[in-house]
Amino acid sequence: MTDQTKATRRDEVLFAFYRDCASPTVDDIIRWTKRYPEFADDIRDHAGLMREWGAGTGDAVEEEISEQMLSRAHSRTLNAIYRAEMASQSSGGKQATFDQLLGAVGLTKPELSKSLDIGRDVIAALFNGWMKPPVGSRLTQALLDKLRVTAAQFDWAVNYAVDHPQVGHAKASKTPTVVQSSYAEIVRKSTMSPERISYWLEDA
């Protein structure tokens, strides 16, 4: 679940909590925090505010909280739609290859490698379809941020590259072959320093 989705879900839960428990009791709070443990702190804070407001404003609380929750939920929904549209536009509104995604953000492979401080050979292996999934989580997250794509777009690009690998250079009279290796194997054999290799393998 993304931060944006979690925030929207939190507002929905808090709004439902208010509608179900306009004057929350201790039992109400315990029941709702057990039902939604990921929002337990928000529910407790919200319950405290509701009890304070309810003690002094009566029916006005319902209108104030309802408007507040609806406004926040509406705003977050619009932001989520905007970000989804931007992500879609960055790849031409469709599934895209790594080279297309890279072009959409105006970077070259060497520039991408340098910005991430990772070996060019690792990026080349991924983009050329020589890296068998899964890709290490640390590199995946870094590329999601740099390429400004969703996890689904990234996974599609990985699978496309693996299904359409670039043929390596032929040696002497031998026919060019494609050798696909795991993420860990490629990182270990890269030209990076031992420290950088350890870094990129940490969450593999």
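This is a predicted model: local features need pLDDT of at least 70, side-chain atom pairs count only at pLDDT 80 or more; totals for chains, interfaces and linings use all residues.
Helix α6, spanning residues 109-116, packs against helix α8, spanning residues 137-147, at an angle of about 120°, and the axes of the two helices lie 11 Å apart. The two helices are therefore oblique to each other, and the crossing in which α6 passes α8 is right-handed. On the side of α6 the contact is made by L112, S115 and L116, while α8 contributes L139, A142, L143 and K146.

Side chains of opposite charge can pair when their charged atoms come close. With a salt bridge taken as a side-chain nitrogen of Lys or Arg within 4 Å of a carboxyl oxygen of Asp or Glu, the count in this model comes to seven. Three of these pairs are described here in turn.

In the pair formed by E12 and R9, the side chains meet in a salt bridge with an N to O distance of 3.6 Å. Both residues belong to helix α1 (residues 3-20), where, because they are three residues apart, about one helical turn separates them. E12 counts as partly exposed, at 43% relative accessibility, and R9 likewise counts as partly exposed, at 33%.

A second salt bridge links R31 with D20, their closest N and O atoms being 3.7 Å apart. Since R31 lies in helix α2 (residues 26-35) and D20 in helix α1, this pair ties together parts that are eleven residues apart in sequence. The relative accessible area of R31 is 35%, which places this residue in the partly exposed class, and D20, at 46% relative accessibility, is also partly exposed.

In a further pair, the side chains of R196 and D117 meet in a salt bridge at 3.3 Å, N to O. Here R196 lies in helix α11 (residues 194-201), whereas D117 lies in the loop between α6 and α7 (120-127), so the parts that the pair ties together are 79 residues apart in sequence. R196 counts as partly exposed at 21% relative accessibility, a value to be read against the limit of under 20% for buried residues, and D117 is partly exposed with a relative accessible area of 43%. Through salt bridges that share partners, D20, D28 and R31 are joined into one network.

How values were computed:
Residues are numbered from 1 along each chain as its sequence is written. Side-chain values use heavy atoms; hydrogens and water are left out. Axes are lines fitted to C-alpha atoms, for helices over the stretch in contact, and angles run from 0 to 180 degrees between N-to-C directions. Helices (H or I, at least four residues) and strands (E, at least two) are DSSP runs, numbered from the N terminus. Angles under 35 degrees count as roughly parallel, over 145 as roughly antiparallel, 65 to 115 as roughly perpendicular and the rest as oblique. A crossing is left-handed if the near helix is turned anticlockwise from the far one by less than a right angle, and right-handed if clockwise. Contact means heavy atoms within 4.5 Å. Buried means under 20% relative accessible area, exposed over 50%, partly exposed in between (1.4 Å probe, protein chains only).
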